[in-house]
Amino acid sequence: MADELSAKLTNQLDAAVFNDAGLLPAVIQQWDTHEVLMLGWMNREALRRTLTEGRVTFWSRSRQEFWRKGDTSGHAQYVHSAAFDCDNDTLLVQVDQVGAACHTGSHTCFDGRDLGVTTMERPTE
């Protein structure tokens, strides 16, 4: 059984398509409301930790180290599911967010920064 789980994890990690820096963007979404909370970056080890430990782990591009959301702030992300996009080069992680997701203290990194784009109604057929 352990060998099967290990093989499954290896297959999942091998399926990931990392960029030239060895990173994969991870979109973090609240599992029940589907609200987009943040975007972070994972290398292979951060992805492995996220898939096996039940908490989201990122790779900090600025500090060049792993960070697990909530270890210092208490604002943890508990994994509910994870899925690659159709090209395996982006990860969607659905979480149960405790506290703020954004380093600014906001619930989401996408609060109140609307760019004021031009919108259009969908054409009727």
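Where does Gly 99 lie relative to strand E6? Gly 99 lies in the segment that follows E6 (91–97). Some notes from going through the model:

1. Ground rules. This is a predicted model, with local features needing pLDDT of at least 70 and side-chain atom pairs counting only at pLDDT 80 or more, while totals for chains, interfaces and linings use all residues. Residues are numbered from 1 along each chain as its sequence is written, and side-chain values use heavy atoms, with hydrogens and water left out.

2. The sheet. Four strands make an open, mixed sheet in the order E2-E1-E6-E5. Strands here are DSSP runs (E, at least two residues; helices are H or I, at least four), numbered from the N terminus. Two strands pair if DSSP finds at least two bridges between them. E2 (36–42) and E5 (77–84) are the edge strands, each with a single partner, so one side of each has no neighbour in the sheet. On average, neighbouring strands are turned by 25 degrees against each other, direction ignored.

3. Inside the sheet. E1 (residues 24–30) pairs with E6 in the parallel sense over five bridges. Ile 28 stands opposite Val 93 in E6.

4. H2 (residues 44–53) lies across E1, E2, E5 and E6, at about 130 degrees to E2. For such angles, axes are lines fitted to C-alpha atoms (for helices, over the stretch in contact), and values run from 0 to 180 degrees between N-to-C directions.

5. Back to Gly 99. Gly 99 counts as partly exposed because its relative accessibility is 40%; the classes are buried under 20%, exposed over 50%, and partly exposed in between (1.4 Å probe, protein chains only). Leaving out residues up to four places away in sequence, Gly 99 touches His 75 and His 107, where contact means heavy atoms within 4.5 Å. Gly 70 is 29 residues away in sequence, yet the C-alpha to C-alpha distance is 8.9 Å.

6. Ser 60. This residue sits in strand E3 (residues 57–60) and is buried, at 4% relative accessible area. Its side chain makes a polar contact with that of Ser 62 at 3.4 Å (N or O atoms within 3.5 Å; within protein, one able to donate a hydrogen and the other to accept it, and sequence-adjacent residues counting only if both atoms are side-chain atoms). With residues up to four places away excluded, Ser 60 touches Glu 65 and Trp 67.

7. Cysteines. The disulfide count is zero, the rule being a pair of cysteine sulfur atoms within 2.5 Å. Cys 109 is in no disulfide, its nearest cysteine sulfur being that of Cys 102, 3.4 Å away. Cys 109 is partly exposed at 31%, whereas Cys 86 is exposed at 74%.
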